[in-house]
Amino acid sequence: MTSFCKLLGVCALLALVPLTQPVTSTQAAQGSAEFSEEKIDAFVNAAIDVAIINTAAKDAFDKAVNRQEQDSIIAAARNEMDTSIENAPGITIEEYIAISATAEANPTFAEMLNQRAMAKFKMLDDAHGNAE
């Protein structure tokens with residue numbers, strides 16, 4: 001059975017920021033010390049949900065028969081990602097975007113987020129009986 005980790009692709013995790021709101025230079029300049037452990041954990045959980053939505057959308061996009069269908073899939077996925085983040089416990093969409101911007105500007109912080117995401121994916125793998 002395919003590993004849950006491989007299916008979702010942890011490397012793509014941080015590239016999944018919904019771009020419906022602009023990221024400011026102030027957000028990008030924030031250091032990781034400005035985010036509590038709880039916010040970081042909430043971000044990782046929300047980002048995993050976004051990765052799941054993104055994976056499903058990519059599969060549907062690849063099967064789309066025309067550009068209109070592809071555009072519809074993209075719009076629906078963005079809305080679903082935004083809603084997922086808005087409904088995520090412990091984090092707002094603004095905080096999600098700020099953490100994403102910080103990760104983009106700070107490779108060390110991004111690596112720490114990826115490590116946490118990989119640990120979470122492993123835990124999900126183990127829970128689904130997909131451990132390798």
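**Figure 1. Overall fold.** Helices (H or I, at least four residues) and strands (E, at least two) are DSSP runs, numbered from the N terminus. Read along the sequence, the pattern is α-α-α-α-α-α. That makes six helices and zero strands. This is a predicted model: local features need pLDDT of at least 70, side-chain atom pairs count only at pLDDT 80 or more, and totals for chains, interfaces and linings use all residues. Residues are numbered from 1 along each chain as its sequence is written, and side-chain values use heavy atoms, with hydrogens and water left out. Of the 132 residues, 39% count as buried (under 20% relative accessible area; exposed is over 50%, partly exposed in between; 1.4 Å probe, protein chains only). Contact means heavy atoms within 4.5 Å. Among contacts between residues at least 6 apart in sequence, 83% join residues at least 24 apart.

**Figure 2. Helix α3 and its buried residues.** The 27 residues of α3 should span 39 Å at 1.5 Å a residue, and the end C-alpha atoms are 39 Å apart, which agrees. The expected span is 1.5 Å times one less than the number of residues. Buried residues of α3 include Ile-40, Phe-43, Val-44, Ile-48, Val-50 and Ile-53. Thr-55 and Ala-57 are also among them.

**Figure 3. Helix α4, two faces.** Helix α4 covers residues 67–86. Its 20 residues should span 28 Å, and its end C-alpha atoms are 28 Å apart, in agreement. Buried here are Gln-70, Ile-73, Ala-77, Met-81, Asp-82, Ser-84 and Ile-85. They cover an arc of only 165° around the axis, so they sit on the same side of α4. The arc is taken over the directions from the helix axis to the C-beta atoms. An α-helix has 3.6 residues a turn, so residues three or four places apart point the same way. The face turned away from the buried side carries exposed Gln-68, Asn-79 and Glu-86. Cover for the buried residues includes α3 (37–63) and α5 (93–105).

**Figure 4. Start of α4.** A side-chain oxygen of Asn-66 comes to within 3.1 Å of the backbone nitrogen of Gln-68.

**Figure 5. Two aromatic pairs.** The structure holds two such pairs. Rings of Phe, Tyr and Trp (its six-membered ring) pair if their centres lie within 6.5 Å; planes under 30 degrees apart count as stacked, over 60 as edge-to-face and the rest as tilted. Phe-35 and Phe-109 have ring centres 5.9 Å apart and planes at 20°, so this pair is stacked. Phe-35 lies in the loop between α2 (25–29) and α3, and Phe-109 in α6 (residues 107–127), so the pair ties together parts 74 residues apart in sequence. Phe-35 is buried at 12% relative accessible area, and Phe-109 is buried at 2%. Phe-43 and Tyr-96 form a tilted pair: 4.7 Å centre to centre, 35° between the planes. Phe-43 is in α3 and Tyr-96 in α5, 53 residues apart. Relative accessibility is 1% for buried Phe-43 and 0% for buried Tyr-96.

**Figure 6. The largest nonpolar core.** A nonpolar core is a set of buried Ala, Val, Leu, Ile, Met, Phe, Trp, Tyr and Cys residues joined through side-chain atoms within 4.5 Å. The largest has 29 residues. Phe-43, Ile-91, Tyr-96, Ile-99, Phe-109 and Leu-113 have the most contacts inside it. Helices α3, α4, α5 and α6 each supply at least two residues of this core. The largest share, ten residues, comes from α3.

**Figure 7. Surroundings of Ile-91.** Neighbours within four places in sequence are left aside. Ile-91 is then in contact with Lys-39, Ala-42, Phe-43, Ala-46, Ile-85, Tyr-96 and Ile-99.

Terms used
A polar contact is a pair of N or O atoms within 3.5 Å; within protein, one must be able to donate a hydrogen and the other to accept it, and residues adjacent in sequence count only if both atoms are side-chain atoms.
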